[in-house]
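Let's take a walk through this model together. Please have the sequence and the 3D view open as you read.

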Amino acid sequence: MIRVAVVDDEPLARSGVLARLRVEPDVTVVGECSDGHGLAALRRDRVDVAIVDVQMPGLNGLDGLAAIPRDERPLAVLLTAHDSFAIRAFELEAVDYLLKPIDDERFAEALERVRRKLGHEVRPVPAERFAIRIGARLSFVEVNAVTWIEADGDYAALHADGQRHLLRESLQELSRKLDPARFLRVHRSAIVRVDQIAEMLPRPNRDAVLRLRDGTTLRASRTYIDALMAALNRVA
Amino acid sequence: MRVDRSVTLSPAMAWVAGLPILGCMMVMSLPALADERVLAFRLFYAVAYLFWIVPLGWLQRWLWRRGAGWWAMAGVLLPVTYAMSVGNALLALTFIASEKMRAQAGVAWIFGGLDGCWLALIAFCGFQAIVLHRAALALEGERLHQAAQAARDAELRALRYQLQPHFLFNTLNAISALVHDDRPRDATRMIARLGDFLRTTLEETPGHEHTVADEIALTAAYLDIEKARLGERLHIETYTAPGTLEARVPYLLLQPLVENAVRHGIAPRTVPGTIAIRFEGDGHELRVSVANDATDVTEGAMGVGLANVRARLEALYPDNHHIVVGPESGRWRVRITLPWVVATTLTEAAA
């Protein structure tokens, strides 16, 4: 079980996080605090991960985390309304940071990153093909033919050979089934095949825009940029 | 036009501006080179000219700043320059002229024979008046230009703010409907998208333009909300030609067009529809197109959004853009052509 502490000064915000954690079978909430002082008292031997609001009166989330000795510090997932803390979040080795209002899929993704960090992750053998159900018929799409995958409500749309195939699966589930060396999550709403990226243009806010070989243009958000850059350098 | 008299010339500049007249005096005295005495007169006049234009220039600029009219200036400057010239003549007669010349020169010579001196001083005043007037006009022109710029800025900003509130309230309304409908997942999803969209619009650049890449990101944040509302019925294809991502476009160019495409092209239909956004260009012009599947849209239905885009294009690129709206090979399409400008400064700032 992953032991989680939730730190936020607003009770309503805490209950929002707790509600999202309740549906995770491998997570147990071991603590709740409403300020940075409570946070500063947390230690790794009791808590695996702290989900921390950055803006709190008194001691803020970042200072609260910094007050814990580095090798006793639990993993941290930061919550913030403004996204100007990325550099300090990086220094504090935060696993992820989420923007408010919280997006359910991004929240699930942050937990996935925590599992990976804690070594709880089970990665299946990469899939070779996808089965697409159209009415009663099943058709198959080779993974090699897929250039990018787009989130579409509760579905994922596979783009392959100029066509769009709907699969009833979340991008998060899909990204676990794909070879991480070839397919990368670039945005909450998109996975791309790395060798399809033709151009990448950084934006002033550290996000980027990607152009694929067929001209399709997509956003890449900053939380995925590091992994993306690493993958692109591997291609070179 | 009333000119602004606070504009003036520095004394040094006025003096330099008087030099061409000295050049004329030099040329006019060339025939006198043979006669040593006449040459001495000419040289004296030249030095006297350079001396007199200092107080004369100051006096004229003082009158100018005081707002004196042209006649008043002439009324003061003509007697003053005349007096200076008479002074010159007296000095020249006393120190340079030969005995014979002194004997010949009478009152008439002193008060009438002011060749090469009075005219030069009057010419200097005329010269300085033109320079002062031109400087004032240039300043006025600059001010008019700035005023026009400010008016354009205000207009563009007003047009930009016209876009967001109604969209914001529509979205809040949709969220409240989802809550009533007991669809918490869809409601939280739409709230998260709205948060992303607001964040994206709040990080706006100070100018009226940004890169195609920024515009695509902004439009995508907007379309995420529409997708949350319409689900699988809304497909988006965004195509950019190589090199177009860095070209500049007006801030929020696409949003009203895409919103129209959703309202009139996708929302009323029951089958899924596609909105295709394309950016192409060749280094001279940038071609933007937004197309949706339905063709039975009337331009009138495009309403405020399209009028808004037209008004902003007219303000930003007067006589340098095209916009064509209408059915085209089975789809409804808006085509816009803009001048091609690449945003080097923006990407440098980002780096």
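Which domains does the domain assignment of chain A give? The assignment, which is automatic or from a database, gives domain 1 (2–118) and domain 2 (129–235).

## Before we start

This is a predicted model: local features need pLDDT of at least 70, side-chain atom pairs count only at pLDDT 80 or more, and totals for chains, interfaces and linings use all residues. Residues are numbered from 1 along each chain as its sequence is written, while chains are lettered from A and ligands numbered from 1 in the order in which they are written.

## The two domains of chain A

The centres of domain 1 and domain 2 of chain A, taken over C-alpha atoms, are 28 Å apart. Eight residues of domain 1 of chain A are in contact with six of domain 2 of chain A (contact: C-beta atoms, placed from the backbone, within 7 Å).

On the domain 1 side, helix α5 (residues 104–118) of chain A gives the most, with five residues. By class, that side has two nonpolar, no polar and six charged residues. Here Ala, Val, Leu, Ile, Met, Phe, Trp, Tyr, Cys and Pro count as nonpolar, Asp, Glu, Lys and Arg as charged, and the others, Gly among them, as polar.

## The overall form of chain B

Chain B has twelve helices and seven strands (DSSP runs numbered from the N terminus: helices are H or I, at least four residues; strands are E, at least two). Its radius of gyration is 36 Å, well over the 20 Å that the globule rule gives for 351 residues, so chain B is more spread out than a compact globule. The radius is taken over C-alpha atoms, and the rule is 2.2 Å times the number of residues to the power 0.38. Along the principal axes, the C-alpha atoms of chain B fill a box of roughly 120 × 40 × 40 Å.

## Strands in chain B

Strands β4 (residues 273–281) and β5 (residues 285–292) of chain B run antiparallel and are joined by seven bridges (strands pair if DSSP finds at least two bridges between them). They form a hairpin with three residues between them, and G283(B) in the turn has a positive phi of about 90 degrees. I275(B) has N292(B) in β5(B) as its bridge partner.

β5(B) also pairs with strand β7 (residues 331–339) of chain B, in the antiparallel sense over eight bridges. There, V290(B) stands opposite V334(B).

## Where the chains meet

Chain B brings 27 residues into contact with 25 residues of chain A. The largest share of the chain B side, seven residues, comes from α8(B).

Conventions: Two residues are in contact if their C-beta atoms, placed from the backbone, lie within 7 Å.
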